[in-house]
Amino acid sequence: MQFQFDSVSDLLAMAGHGPYVWAAYGITLVSLLYLVVTPLRRRRALLAALRRQQRMNRAETELSKQGAAADPAATPSPSRDPRVN
Amino acid sequence: MAWQWFHRLGSPRWFYEKTGPWMPWLAVLSAVLLISGAVWGLAFAPADMKQGNSYRIIYIHVPAAFLALAGYYIMAISGAIGLIWKMKLADMVMKSAAPIGAVLTFVALVTGAIWGKPTWGTWWVWDARITSMLILFFLYLGVIALQEAYQHQDTANKASAILALVGTVNIPIIYKSVDWWYTLHQPATIKFTSESTIHPSMLYPLLTMVIGFYCFYALVLLLRTRSEVLEREKKTRWVQDLARQG
Amino acid sequence: MSDIPLAEEQLLRSRQLVSPGVWAGFLATLRRDTIIAFRHRGEMMNPLVFFLMVITMVPLGISPERIILATLAPGMIWVVALLATLLSLDSLFRSDFEDGTLEQLLMSPQPLYFQVLAKVAVHWLVTGLPLTLMAPLLGVMLSLPAAGFVPLCYTLLLGTASLSLIGAIGAALTVALRKGGLLLSLVIMPLYVPVLIFGASAVNNGIEGFPIGGQLAVLGAFLAMAIVLAPMAAAGALRIGING
């Protein structure tokens, strides 16, 4: 096993076939990266959305608690925690 | 007891937590295999006597084509499991497998076309294998389109599982018919049957790439299925806890 | 609208007779669908008009020269027959789905397999068969060589039946969708490839004077397989589309 080309520029040119070979490898690389990146991005977006919702729920329960403390007669708002399945 | 793992597989949470630790290993393994195989094939494998350097596309074309076909069967089998045992996880695997297979089929088609230009002097040849690959691509697109068309996720999964199964029955018939059609119209100038006598120094990088593509396929399939699991289970406590942890 | 009394009639019958046999159920659906099809004669004509119109486009788009048309004719007629079948398939289960007849069929004690088979048989009777009968006329228009006419009719006769059966799977898969038409074509067309290859090549073989028995046998095998498997898949798809 040995390096088949005289220089790096030789490797890039591939005796005239360079554009074809490198284009094929480039398109493959982009496609494979697309396959990896899309599920990762989707996972991150989903978790971020869930966190946002949790923060909102927490703020809502805080508010209703404060409201309940200030006015004992007020009925506590029903919990809208999505964790309750 | 022997079937316990099978029933456990029905639990998306178990699947998610079990496969979590595998992911970095699988990622490293497929990256190492793919990069070393590509470098080996691009720079260290000898040039082909007839085709020169353009043959180096084989190192991505052939593995992609392998996985494109194997991916259809993986999709159809998980679809069948989902239909028969009503296993949610199998449905998710099927849904995740469709776009991966379509992308790999696309890669095989495009690299084949690019390879064809210096070899045959034209981007597109109605060769039996290319044509079958194109029809496989259409089959994938059909499954994806059907999956997208249904609002209700469960119905979408069942419908596309049936379509995938029908496709599985048809794939051998389609391949045989296209083969037969090609022998009928085969132009005498194009002969391309030298792959069986591939030299070991060219074969080993190819094998590395094939194994690398299999690992990559497993990695991506798991990634997609895992994010699908999270999406479907987002109302449950364990996913909420997962989100809270960051 | 005119099919509602028929559906009621069928329902009444199924109440009177406790459980009619499989054959009786098959015949009842066959009869009902045939009557409905013949009441909508205009709709029946549509695939034929489409067939004729597209074939007219060929010389306009390519060339009116006889030699060119003759080489194109077998494949062109086959491809257009395939498209005409595809376009007509969307309505195979549609009206039954919309007026609830399909649910009745699903709930009936009859195996759904034979009900689907009866529906497909009627579909073939009102599209595949007329397309086959019309094909020689279009062959004349495209100056198909004389030796090609008999193979064209034989292959279309066998082939359109397979096309209807395979297409029924797509029609069943998309029946619950409001815009199923284009999707149906996308989903089903790749599955039509073998039928098209053998059908068109048999006609070409016939023109060149070779025997076409082999291709006809293969088309027959496709048809036999489609009769066994396609209604099964279509029945499964219908259950999914209706029950969710």
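Predicted model: local features only at pLDDT ≥ 70, side-chain atom pairs only at ≥ 80, totals over all residues.
Residues are numbered from 1 along each chain as its sequence is written, chains are lettered from A and ligands numbered from 1 in the order in which they are written, and side-chain values use heavy atoms, with hydrogens and water left out.

Chain A has two helices and zero strands; helices (H or I, at least four residues) and strands (E, at least two) are DSSP runs numbered from the N terminus. Of its 85 residues, 24% count as buried, where buried means under 20% relative accessible area, exposed over 50% and partly exposed in between (1.4 Å probe, protein chains only). Chain A exposes about 6,000 Å², and 60% of this comes from carbon and sulfur atoms; accessible areas come from the Shrake-Rupley method with a 1.4 Å probe, and for residues only the protein chains shown count as cover.

Chain A meets chain B through 36 residues of chain A and 48 residues of chain B, contact being heavy atoms within 4.5 Å. The size of an interface is often given as the accessible area lost when the parts come together. Between chain A and chain B the buried area is about 3,900 Å², with carbon and sulfur atoms giving 70%; buried area is the accessible area (1.4 Å probe) that two parts lose on being put together, summed over both.

Two salt bridges are counted between chain A and chain B, each being a side-chain nitrogen of Lys or Arg within 4 Å of a carboxyl oxygen of Asp or Glu. A:R42 forms a salt bridge with B:E228, in which the closest N and O atoms are 3.1 Å apart. On the chain A side, helix α2 (residues 18–70) gives the most, with 24 residues. By class, the side of chain A that touches chain B has 23 nonpolar, eight polar and five charged residues. Here Ala, Val, Leu, Ile, Met, Phe, Trp, Tyr, Cys and Pro count as nonpolar, Asp, Glu, Lys and Arg as charged, and the others, Gly among them, as polar.

One residue to look at in chain B is B:Y16, in helix α2 (residues 12–19) of that chain. B:Y16 is buried, with a relative accessible area of 4%. Not counting residues up to four places away in sequence, B:Y16 touches A:R43 as well as residues of chain B, including B:R226 and B:W238. The C-alpha atoms of B:Y16 and B:L223 are separated by 9.8 Å, although the two residues are 207 residues apart along the chain.

Chain B also meets chain C, with 25 residues of chain B in contact with 24 residues of chain C. These two chains bury about 2,100 Å² between them, 86% of it on carbon and sulfur atoms. B:Y150, B:I162 and B:W180 supply 23% of the area that chain B buries against chain C, more than any other three residues.

From the chain C side, C:L191 is found in the loop between α9 (181–188) and α10 (193–207). C:L191 is buried, with a relative accessible area of 2%. Leaving aside neighbours within four places in sequence, C:L191 is in contact with B:L139, B:V166, B:G167, B:N170 and C:I166.
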